[in-house]
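Come and look along with me.

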Amino acid sequence: MVEISFADRIKSLSKDAWKAGTVAIRPIENDDDLWYAVVECRLRPGQEEYVNPAGFSIGRAYLAPWDNVPCVICKSSGERIGYIVLRKWLGEGNAFNWSYYIDGNFQGLGYGKAAARLAVQILKAVDPAMPIKLSTEELNIRAQKLYRSIGFVKAEEKDGDDLVFVF
């Protein structure tokens, strides 16, 4: 029996699974999406130290495409407002994971929380029993607050020096 890859399972979800309220997430599908994610989508000053740049995540996806799905986050109107990569957890144990950010021009408007909730829905549609683990720098209080607000709890484990949150 051939196992279907994580990426294929994610991409096989219905189009409705990729939308919720004010946001939608969709796999990068063209040069414009790629350019947006790598060049145009920018964080506010001082935030870069807390997240991997999209180019790094897209490079990782190139090296292991079966475990990574780089995507753009869009407003319900279709306007791109952020970047997210849905992937398998690289640390100990089986879990799903993501890395994401909202463009600085769209932060503070609820899109980050909406995108995080939608990412949980998407990953749980792939496998409801699979835990989702997110890691964050200890000083990234905004991410920790966001994760807790949507139901993640701080785990005892660490990912290197980073804190780990589990859903």
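**Entry: helix α3.** I looked up which residues of α3 (residues 54–63) are buried, and found Ala54, Ser57, Ile58 and Ala61. I keep in mind that this is a predicted model. Looking down the axis of α3, I saw that its buried residues fall within an arc of 100°, so they line one face of the helix.

Entry: Which exposed residues does α3 carry on the face turned away from its buried side? I noted Tyr62 and Leu63 there.

**Entry: the cover.** Next I asked what covers the buried residues of α3. The cover includes α2 (31–40), together with the strands β3 (68–75), β4 (80–88) and β5 (96–102).

**Entry: a sheet.** I then turned to an open sheet of three strands, and wrote down their order as β6-β8-β7, with antiparallel pairing. At the edges I found β6 (133–136) and β7 (153–159), each of which pairs on one side only. Neighbouring strands of this sheet are turned by 35° against each other on average, direction ignored.

Entry: I followed β7 to its partner β8 (residues 162–166) and counted four bridges between the two, in the antiparallel sense. Which residue of β8 stands opposite Val153? I found Val166 in that place.

**Entry: a helix across the sheet.** Last, I looked up helix α5 (residues 141–149), which lies across β6, β7 and β8. I noted that α5 runs at about 160° to β6.

Key
Residues numbered from 1 in each chain as written. Predicted model: local features only at pLDDT ≥ 70, side-chain atom pairs only at ≥ 80, totals over all residues. Heavy atoms only, no water. Pairing = 2+ DSSP bridges. Axes fitted to C-alpha atoms, helices over the stretch in contact; angles between N-to-C directions. Contact = heavy atoms within 4.5 Å. Buried < 20%, exposed > 50% of the residue type's maximum accessible area, 1.4 Å probe, protein only. Arc of directions from axis to C-beta.
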